[in-house]
Amino acid sequence: MLNKNRDQDAGLSRRSLLGKSLALGGAAVAGATGKVAATEPGNPANLPPNVPEWSKTLGDGVAVRAYGKPSKHEANVIRRDVEWLTASRESSVSFTPLHELDGIITPNGLCFERHHSGIAELDPNDYRLMIHGLVDKPLMFTLQDLERFPRTNRIYFAECAANSGMEWRGAQMNACQFTHGMIHNVMYTGVPLRVLLEEAGVKTNAKWLLLEGADSAAMTRSLPLQKALDDCLIAFRMNGERLRPENGYPVRICVPGWEANMWVKWLRRIEVGDQPWHHREETSKYTDLLENGKARRFTYVMDAKSVITNPSPQAPLKHKKGFTVISGIAWSGRGKIARVDVSLDGGRNWRTARLDGPVLDKSMARFYAEFDWNGQELFLQSRAIDETGYVQPTKDELRKVRGVNSVYHNNGIQTWRVSPEGEVENVEIA
């Protein structure tokens, strides 16, 4: 049975069903149906053998654009949000335009946002990071103090646990940006957390940390000490430049492979303790409600997942048939991606995709699959396998175990239907 996604205007009728969950899983571009208009024809006067207009005049000189911006012709490549998704714009989300990107690095200006009380605007001169609790000596660091420690560079993905959350009950959102766009992948620069904890001297009975942000929500999460000593990073740069305010300027924590709610932004305090704190974000929120009413808690790891980003509803095929490139991303919180399989017929047959570019621990991997399209209807799927042997499940396999009450940790296989005309829509095959 094929369950097709409806136009997004029809999605208004679902708001009573989905509004209670505030799932932060995705939605349509305001005023859009997911279909992309055909490319506008060029100006004949600029086409060969004519000399185009831009070859006849001088352009801007150096320093006119002191901070570089994309071409005006790429103005549609932006984060997008959904006004009705949450009660407050200050406690909402914007989505990365995955369908417009290639490679594995997300540009800083396109990294998805998730805020609980709006963007905190910190003065770096007034910034302090405190470490206290079960330590030999409580410490307080300025930003300059942190920069004096040996630093490291690591490329990691950060994915919200609610990514794809609106899809638990079936195909909902007709855009890759809104089904999977609560993720980014950047190079972080900072100090390993274990270095700072060694400076403070962690007591032998310590087992947990409390991470607290400087935003007005005082965002807090409990972090196991073992993870903190393993690979967590106190970061102050992303992709070489300072963190953006919406991504935690001047300092955030990176918790590789774990849900992005743990990656506390505007980090101001780390308390060392002997048990978890059970604050709001790990009790009433960010726990996975099962069919029987019980909830899974402390489900930190983001399991292996993938999605085809092109073609997808916002990136249809513009040719009727012939050589076609499928592009997508895969990631796993358990380690490296070992393989990605791609299906053209809804999972009946699979072929191994080509991984291209760096394949790193707890980082996105880019995959491609090329084929000669005969113009027939396609049902595109991708399936990630990580280095532990974990295989990305179907949505039905997930639902059999966890039901449909959760909004978190949906890593089920995504299906795009490609029509003979090249249009793409979100569907499910059961």
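Good morning. Because the model is predicted, local features need pLDDT of at least 70 and side-chain atom pairs count only at pLDDT 80 or more, whereas totals for chains, interfaces and linings use all residues. Residues are numbered from 1 along each chain as its sequence is written, and side-chain values use heavy atoms, with hydrogens and water left out.

I begin with the interior. In soluble globular proteins, nonpolar side chains tend to be buried together. Buried here means under 20% relative accessible area, exposed means over 50%, and partly exposed lies in between, with a 1.4 Å probe and protein chains only. A nonpolar core is a set of buried Ala, Val, Leu, Ile, Met, Phe, Trp, Tyr and Cys residues joined through side-chain atoms within 4.5 Å. The largest such core has 63 residues, of which L193, L223, I234, I253 and L267 touch the most other members. Strand β11, residues 233-238, gives this core its largest share, five residues. Helices (H or I, at least four residues) and strands (E, at least two) are DSSP runs, numbered from the N terminus. Apart from this core lies another, of 31 residues, including I326 and F367.

What does L267 touch? Leaving out residues up to four places away in sequence, its contacts include Y127, L211, I234 and I253; contact means heavy atoms within 4.5 Å.

Next, the aromatic rings. Rings of Phe, Tyr and Trp (its six-membered ring) pair if their centres lie within 6.5 Å; planes under 30 degrees apart count as stacked, over 60 as edge-to-face and the rest as tilted. The structure holds eight aromatic pairs. One of them, F95 with F178, is edge-to-face, at 5.0 Å centre to centre and 65° between the planes. This pair links distant parts of the chain, since F95 belongs to strand β3 (residues 93-95) and F178 to helix α3 (residues 176-180), 83 residues apart. Both F95 and F178 are buried. By contrast, the planes of F298 and Y300 stand at 25° with centres 5.5 Å apart, so that pair is stacked. F298 and Y300 are buried as well, and together with W208 and W258 they form one aromatic cluster.

I turn to helix α4, residues 193-200. Which of its residues are buried? They are L193, L196, L197 and A200. After α4 comes G201, with a positive phi near 80°.

Finally, the strands. Two strands pair if DSSP finds at least two bridges between them. An open, antiparallel sheet has the order β2-β3-β4. Its edges are β2 (80-81) and β4 (113-114), each with a single partner strand, so one side of each is left without a neighbour in the sheet. Within it, D81 stands opposite S94 in β3.

Elsewhere, four bridges join β24 (residues 415-418) to β25 in antiparallel fashion, and T415 has V427 as its bridge partner. Strand β25, residues 424-429, has five of its six residues buried. In the hairpin of these strands, with five residues between them, G422 takes a positive phi near 95°.

Thank you.
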